[in-house]
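Please look slowly through the structure shown here, and keep it in view while you read the explanation that follows.

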Protein chains: 2
Amino acid sequence: MKTIKVGMLGIGNVGSGTYLALEMNSAAIEKSAGVHLEIAKILNRRPDVKRAVEVPREKYTSDPYEIINDPEIEIIVEVMGGIEPASTYMADALRAGKHVVTANKAALAVNGEMLQKLAMENHVMLRFEASVGGGIPIINAVADPLVSNQYDEVLGILNGTTNYILTKMTENGADYDDVLKDAQKKGFAEADPSGDVEGYDTANKLSILISLLFGKGILPGDIPTTGITSVSGIDISYATEFGYKIKLIGHAKKTPDGLTYSVEPTLLPLAHPMAAVSNEFNAVFVRGNAVDELMFYGKGAGPLPTGSAVLGDVIDIANCIAKKAAFDIQPLLHYDSKLPSIGEGSSQYYMRMTAIDQPGILGHIASTFAKHDIGLQSVMQRAGDNDRKTSVPLIFICYNVERQVLNACLEEIREEGYATSIDAVMRVQDR
Amino acid sequence: MKTIKVGMLGIGNVGSGTYLALEMNSAAIEKSAGVHLEIAKILNRRPDVKRAVEVPREKYTSDPYEIINDPEIEIIVEVMGGIEPASTYMADALRAGKHVVTANKAALAVNGEMLQKLAMENHVMLRFEASVGGGIPIINAVADPLVSNQYDEVLGILNGTTNYILTKMTENGADYDDVLKDAQKKGFAEADPSGDVEGYDTANKLSILISLLFGKGILPGDIPTTGITSVSGIDISYATEFGYKIKLIGHAKKTPDGLTYSVEPTLLPLAHPMAAVSNEFNAVFVRGNAVDELMFYGKGAGPLPTGSAVLGDVIDIANCIAKKAAFDIQPLLHYDSKLPSIGEGSSQYYMRMTAIDQPGILGHIASTFAKHDIGLQSVMQRAGDNDRKTSVPLIFICYNVERQVLNACLEEIREEGYATSIDAVMRVQDR
């Protein structure tokens, strides 16, 4: 049986998971793929730090180029994370004629076009199943058997930390700060959670999905992104009353005018299959012109799930090497679509504002919506909990409107003094 | 650009969908796969019947061997359905050195081992993504990138008709017969619905999944199969009270003793992601040793979704032909596992019985359960709606027990005369 040597850049969570998934399943892999995979060298600058797996010390090196330039190593797995130096190492590995498998969404979102070009020029494969949705086989599923579809829309719950926090806020009626502390204690959120809770991680993954499904390069920094830090328990309970769940959604959609996209807390109808995706689970929902709705659900993070996705890519490449098959260097990501880039576009929106409790106020506010040609689907006025004599919360859900038009209208409502504050504005997903 | 000729056996629902999916997406396929696909000949014994797509009449032939033996045709798509003559035609096509793509679960469940052997011997590919879950890319997803996993369990909602009926029964509190009539009127159920509602269609698909995931050949007829015809509205409403939804589930699980499997109406906990799969949608849920939980959701039927899955397989094969790549003739289905075959195995069960309303009866029945070493998780006694003086419904959910042991116990309860009838017994899925 042919042995294929693999070099690994990094041995953190995902690296350990990859190593372990290979140990657990190597007999099955040899049987089904017909190759023996050997992780020959691992970049580890801190060999004394205890890792989740037992690795023979002689496999470690502190010099990435000892791996990249090793003529016996055919596949390089990049699991360091971060844009640099990972992108440089991957570029050099591709130039050295190595196949590259990466789990690095940040590097891929920013440098995907450059890396893929290098892979094509050097006739090697660049694979990245683990970069979006961890263990969920979304990338290869939509890139491969489903080229028989053109996609119109994608929705992703792409970050386990934020989904865990929103789930607990929904279940327990708890507030953001308390749930965050609990999530940090349980290891579901990092000490500095900003990459997750501000939506940046989701924006990286959405950027990759946009290149994959719609053939456009939108840098994560150019995606309108709102995190979950301002989602309040009260909005969650209003959403529940209206028949919605609030999830942090990365969303992109082809419209007649162009491609719209955003990352933001979104009200999902309870009947939407994404509404049932709870706790640390992730899901990607796509709509194709032939297949209609598809959803892929699973663990978006965690060493073993993510490691198994990395390993799946490694096995695919090893299979090709073993069979001396022409490598499938059809690029998965595309950047050449002529579709205009729109940003947020139009949608239904949920709004919560505080109004002075005075006859006629609701009429004034409704007239201002009408003036801006914004139709209202639902309106709810409740007796205020505090200061009940002077202020009252008003909840609206409007029909499709451009976000900029809505913002101008809300600004006017605020300036006219009918609402003392606009407390929340969130996108509402239709089915 | 290379043209690859495809022959099609059948032009019913799935055939029309395949034809249409190709028409809709041929420009995108040429761009991404680099081949031009031409459906050159179609077996159609009734050329005068109007079809959902416009096909030039000269493509039709009434002789399957004009397609199977055409030296210019490289790929044959079998979308006739039924075990025979489809299996014979596929076997002959494989012998003639053609690659075969099929959507035919019945033929594959019964003759998969023979067909796959022929494909291997003739160095051609046999692909069948559309045979399970219609448009959902489950087969290639678990067969390909996830060989990095070994699977422990699979649950499938594999039949759209039955899921539609159970969803409407749950939503409207309607009874089976009324919903079936409505489903037939809307085209979701056939005039003779027995293949769907008796669970046979699900058993075919589960048989394929068992070969795919666990490497065993279990004929559909050997899978303990119960359909939905005896599911009553009252059980659905009790299930709701206990926090469950009733779905027709094809289930298989590796246990220390061997492989258990069944097709039967099953109580799923509301928090299970499969519980949210509604209407005509299908889903397949697997548990892998590395990836943990995964679920694939989408349209399990319908011309275009199913056609897009057929077309995806065709494109994969065409890709290999165009690149002169070594064909991936690693078999997807396996039949050589040494795992003992157990059948239903043990599970939690929901039971509804009618008892005579008399002091001490519940105690007698509970003692009989205890005598058989069956633990009770939940017990509910309600005032009977009819004959309230003489009989009362009793609901039990027991802990894990072998179905045979449970059946013996229930028989004893009936014989002792405490229960006048055992009205329902259904498997309860743990999370």
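How many of the 20 residues of H11(B) are buried? A residue is called buried if 20 or more other C-beta atoms lie within 10 Å of its own, exposed if 12 or fewer do, and partly exposed in between, with the C-beta atoms placed from the backbone. By that rule 17 of the 20 residues of H11(B) are buried, so this helix is largely enclosed by the rest of the structure.

Before going on, note that this is a predicted model, in which local features need pLDDT of at least 70 and side-chain atom pairs count only at pLDDT 80 or more, while totals for chains, interfaces and linings use all residues. Residues are numbered from 1 along each chain as its sequence is written, and chains are lettered from A and ligands numbered from 1 in the order in which they are written.

Helices (H or I, at least four residues) and strands (E, at least two) are DSSP runs, numbered from the N terminus. Helix H11 of chain B covers residues 303-322 and should span 28 Å at 1.5 Å a residue, and its end C-alpha atoms are 27 Å apart, which agrees; the expected span is 1.5 Å times one less than the number of residues. After H11(B) comes B:Lys324, whose phi is positive, near 50 degrees.

Within chain B, strands count as paired if DSSP finds at least two bridges between them. Strand S1 (residues 2-9) runs parallel to strand S2 (residues 35-43), joined by eight bridges, and B:Met8 stands opposite B:Ile42 in S2(B). Between S1(B) and S2(B) the chain passes through helix H1 (residues 13-33), in a β-α-β crossover that is right-handed, meaning that the path from the first strand over the helix to the second runs clockwise with the strands pointing away from the viewer. S1(B) also pairs in the parallel sense with strand S4 (residues 73-78) over five bridges, and there B:Gly7 has B:Ile76 as its bridge partner.

Now turn to where the two chains meet. Two residues are in contact if their C-beta atoms, placed from the backbone, lie within 7 Å, and the contact takes 50 residues from chain A and 50 residues from chain B. On the side of chain A that touches chain B, H11(A) gives the most, with nine residues. Strands also take part in joining the chains, as S11(A) and S11(B) run antiparallel and are linked by five bridges, with A:Gly298 partnered by B:Leu294.
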